[in-house]
Each structure stands twice: as structure tokens, then as C-alpha cells.
Amino acid sequence: MLATDNPELSAREIEQIVDVFFEQITGRLVENGRVELRGFGAFSTRERDARTGRNPRTGEAVNVDAKRVPYFKPGKEMRVRLNV
């Protein structure tokens with residue numbers, strides 16, 4: 001759709017635009033920031049505590065370190081469109 005709406009852009013240019021977009025979101029999340037795209041949703045990170053997990057093959061206990069994970073909360077407009 002991006003290519004058909006912007007025929008003056010090459011596929012390589014469109015790919016670069018999308019790459020920059022995702023790099024900016026990732027960069028902000030690395031800084032513990034939040035990225036809000038109005039009408040779409042918000043990206044942020046959440047902390048996960050260290051825990052003891054299980055290896056699904058062997059059932060052996062495995063220590064899982066604490067970590068930050070990405071989190072996405074859909075915006076109101078997206079939720080409404082999904083549930084029409």
C-alpha cells in the first residue's frame with residue numbers, strides 16, 4: 001500500500017523509511033521510554049522478575065534472569081475497529 005500510494009518512491013526507499021521508523025521505536029524503548037502512535041497504540045517495556053522455570057523437554061529446573069520485555073497496549077481506535 002505504501003508503494004502504490006507513493007509511486008515516486010523506490011522499494012529500497014520505502015524499506016529505509018520503515019527501517020528508520022522501527023529503529024526509532026526500538027531506540028526509545030532501550031532508553032526506558034514510551035512511544036505512542038495515536039489511534040494505534042503505545043509501546044513500552046515492562047520488568048520481569050527473576051524466576052525458576054522448567055525445561056520443557058527434561059522438566060529440569062532452570063534459572064531465568066530478570067529482564068525487560070517489550071509491551072504493546074492497543075489504542076482505543078484500534079480496539080473499536082477490531083471489535084466491529
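# Salt bridges, strands and a surface patch

Student: Is Arg28 buried, partly exposed or exposed?
Tutor: In this predicted model, Arg28 has a relative accessible area of 39%. A residue counts as buried under 20% and as exposed over 50%. Because 39% falls in between, the class of Arg28 is partly exposed.

Student: With which residue does the side chain of Arg28 meet in a salt bridge?
Tutor: Side chains of opposite charge can pair when their charged atoms come close. For Arg28 the N to O distance in the salt bridge is 3.4 Å, and the cut-off for such a bridge is 4 Å. The partner is exposed, with a relative accessible area of 56%, and its name is Glu31.

Student: Which residues are linked in a network of salt bridges?
Tutor: The side chains of Glu36 and Arg34 meet at 3.4 Å, N to O, while Arg38 forms a salt bridge with Glu36 in which the closest N and O atoms are 3.9 Å apart. Glu36 takes part in both of these bridges, and at 43% relative accessibility Glu36 counts as partly exposed. The network therefore links Arg34, Glu36 and Arg38.

Student: Is Arg38 buried or exposed?
Tutor: The test for an exposed residue is a relative accessible area over 50%. Arg38 has 73% relative accessibility, whereas Arg34, with 48%, is partly exposed. Because 73% passes the cut-off, Arg38 counts as exposed.

Student: Over how many bridges do S2 and S5 pair?
Tutor: The two strands pair in the antiparallel sense, and one of the facing pairs has Arg48 opposite Lys67 in S5. The number of bridges between S2 and S5 is 8.

Student: Is Ser44 buried or exposed?
Tutor: Ser44 is found in strand S2, which spans residues 41–48. Leaving aside neighbours within four places in sequence, Ser44 is in contact with several residues, among them Leu29, Val69 and Tyr71. Because the relative accessible area of Ser44 is 18%, under the 20% cut-off, Ser44 is buried.

Student: How many residues lie between the strands in the hairpin of S3 and S4?
Tutor: S3 (residues 51–54) and S4 (residues 61–64) pair in the antiparallel sense over 4 bridges, and Arg54 has Ala61 in S4 as its bridge partner. Within the hairpin, Gly59 takes a positive phi near 80°. The number of residues between the two strands is 6.

Methods. Residues numbered from 1 in each chain as written. Predicted model: local features only at pLDDT ≥ 70, side-chain atom pairs only at ≥ 80, totals over all residues. Heavy atoms only, no water. Buried < 20%, exposed > 50% of the residue type's maximum accessible area, 1.4 Å probe, protein only. Contact = heavy atoms within 4.5 Å. Pairing = 2+ DSSP bridges.
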